[in-house]
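Take a look at the structure shown here. The text below walks through it piece by piece, starting with a pair of helices.

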Amino acid sequence: MSIVVTGATGALGRLVVEELLNQVPAEHVAVVVRSKEKAAGLAERGVEVRVADYDAPETLAAAFRSGDRVLLISGNEVGRRVPQHTAVIGAAKAAGVAQLAYTGILGGPEADFDLAAEHKVTEQAILDSGLPYTFLRNGWYHENYTGQLGTVLEHGSVVGSAGGGRIASAARADYAAAAAAVLTGEGHLNQVYELSGDTAWSLAEYAAEIAAQSGKEVAYAEVPADTHLSILTGAGVPEGFAAILVDVDAAISRGRLAHTGGDLSRLIGRPTTPVAHAIASALA
């Protein structure tokens, strides 16, 4: 039996693997990756590397073993994730894995925004498979915002169409720690966790925190949804994905990402990382 992480060379996957290696021997950890070369460093540390591709179902047959505990990290290609995830679920079922954990989205079936659609279909496919599951419904990452700090500081504004809606985000490392907890611990089978930060904040508050830490003038600029879309596409964001981002802001305005139920901090055994800390790290 191994603890298996798919998408292990991605931003979240790498952090999950590091958390696991802090808790269990490397020979108990396996990764499923498309590129063996990208995982060479993990192989050198004793991690088993299994090469497979979400888009090539035939390669997934050897990705899992009976009794494995598997983390399916959702693909990053919006619009392609349902067939990709379905292929992984089928391979996991055929192998007889002991647990299939999945990184979905906050709210699950109740999430009423476009980005949630593929996650909802995936969760249902996992339920239909009959596999023991753990649903990790991740909220927003701090890094979704702090990754744009250079642009924010250049223009002196955080642009959005979320109104006064609040966002209970957490650090990507917090979500990784939660995934490691359910893969190494007991009592998590057939459980659903709504994962989010301990504190929700508005984009205006976020802008004010950037201003306070940077010493520069930064404010939140609320714009209509169509203007927001034009700004994003003008900055080079593909129109389809830009529309998804604008739709997320609308969801934020309806309170869909403001949940602070505490599941994340309970799983990781500590408070979640404050957004102010993430800003400080990004500015350092």
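Helix H1 (residues 11-21) and helix H7 (residues 172-184) have axes that come within 8 Å and cross at roughly 50 degrees. This is a predicted model, in which local features need pLDDT of at least 70, side-chain atom pairs count only at pLDDT 80 or more, and totals for chains, interfaces and linings use all residues. Residues are numbered from 1 along each chain as its sequence is written, and side-chain values use heavy atoms, with hydrogens and water left out.

Helices (H or I, at least four residues) and strands (E, at least two) are DSSP runs, numbered from the N terminus. Axes are lines fitted to C-alpha atoms, for helices over the stretch in contact, and angles run from 0 to 180 degrees between N-to-C directions.

H1 and H7 are therefore oblique to each other. Angles under 35 degrees count as roughly parallel, over 145 as roughly antiparallel, 65 to 115 as roughly perpendicular, and the rest as oblique. The crossing of H1 and H7 is right-handed; that is, the near helix is turned clockwise from the far one by less than a right angle. In H1, the residues that meet H7 include Leu 12, Leu 15 and Val 16. On the H7 side, Tyr 175, Ala 176 and Leu 183 are among them. Contact means heavy atoms within 4.5 Å.

Now turn to helix H4. H4 has 13 residues (117-129) and should span 18 Å at 1.5 Å a residue; its end C-alpha atoms are 19 Å apart, which agrees. The expected span is 1.5 Å times one less than the number of residues.

Which residues of H4 are buried? They are Glu 118, His 119, Thr 122, Glu 123, Ile 126 and Ser 129. They cover an arc of only 140 degrees around the axis, which puts them on the same side of H4. The arc is that of the directions from the helix axis to the C-beta atoms. Buried means under 20% relative accessible area, exposed over 50%, partly exposed in between (1.4 Å probe, protein chains only). The cover over these buried residues includes helix H3 (81-95), strand E5 (99-105) and strand E6 (133-138). Just after H4, Gly 130 takes a positive phi of about 80 degrees.

Helix H3 also holds Gln 84. At 2% relative accessibility, Gln 84 counts as buried. Beyond its neighbours within four places in sequence, Gln 84 is in contact with Tyr 54, Asp 55, Gly 75 and Glu 77.

Asn 190 has a positive phi of about 60 degrees although it is not a glycine. Asn 190 is partly exposed, with a relative accessible area of 42%.
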